[in-house]
Amino acid sequence: VAGVDGDDALAHRLRASGLLPGTPIELVAVAPFGDPLLFKLHGFRLALRRSEAARVRAVIVESHA
């Protein structure tokens, strides 16, 4: 995670959910119609609507799996 855009209630909730700069996250699944998205971070899974996930800035790292 590079950061979360904004300073409103949603941005605060995303940060409180563990989406802090430097946190590694992994996209685990996408629902059939593209919403919600399921991410893995800090040992738990977090589902976000696409509009919520758009607020999270991330750096993509190639998977070696």
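**Close-up 1. The hairpin of strands 2 and 3 in this predicted model.** Six residues separate strand 2 from strand 3 in this hairpin, and Gly34, in the turn, has a positive phi of about 90 degrees. Strand 2 covers residues 26–30, and its pairing with strand 3 is antiparallel, with four bridges.

**Close-up 2. The hairpin of strands 3 and 4.** Here two residues lie between the strands, and the turn holds His42, with a positive phi of about 50 degrees. Strand 4 spans residues 44–48 and pairs with strand 3 in the antiparallel sense, this time over five bridges. A handy landmark is Leu38, which has Ala47 as its bridge partner in strand 4.

**Close-up 3. The two faces of strand 3.** Which residues of strand 3 make up its covered face, and which its uncovered one? Leu37, Phe39 and Leu41 are on the covered face, while Leu38 and Lys40 are on the uncovered face. In a regular strand, side chains alternate between the two faces of the sheet.

**Close-up 4. The salt bridge between Arg55 and Asp8.** The side chains of these two residues meet at 2.7 Å, N to O. Arg55 sits in the loop between helix 2 (50–53) and strand 5 (56–57), and Asp8 in the loop between strand 1 (3–4) and helix 1 (9–16), so the contact ties together parts that are 47 residues apart in sequence. Asp8 is partly exposed, at 35% relative accessibility.

**Close-up 5. A salt-bridge network of Arg13, Arg49 and Glu52.** Glu52 and Arg13 form a salt bridge through their side chains, at 2.7 Å from N to O. Because Glu52 belongs to helix 2 and Arg13 to helix 1, this pair links parts 39 residues apart in sequence. Is Glu52 buried or exposed? Glu52 is buried, with a relative accessible area of 9%, whereas Arg13 is partly exposed at 39%. Glu52 also forms a salt bridge with Arg49, their closest N and O atoms being 3.2 Å apart. Shared partners join Arg13, Arg49 and Glu52 into one network. A search of the whole structure gives four salt bridges.

**Close-up 6. The largest pocket.** This pocket holds about 330 Å³ of space. Its lining comprises 17 residues, and those closest to the centre are Ile25, Glu26, Ala58, Val59 and Ile60. By class, the lining has 13 nonpolar, two polar and two charged residues.

Methods
Residues numbered from 1 in each chain as written. Predicted model: local features only at pLDDT ≥ 70, side-chain atom pairs only at ≥ 80, totals over all residues. Heavy atoms only, no water. 1 Å grid on protein atoms, 1.4 Å probe; cavity = no way out; pocket = protein on both sides within 12 Å on 5 of 7 lines; lining within 4 Å. Points joined across faces, edges and corners; volume = space filled by probe spheres on them. Nonpolar A, V, L, I, M, F, W, Y, C, P; charged D, E, K, R; others polar. Buried < 20%, exposed > 50% of the residue type's maximum accessible area, 1.4 Å probe, protein only. Pairing = 2+ DSSP bridges.
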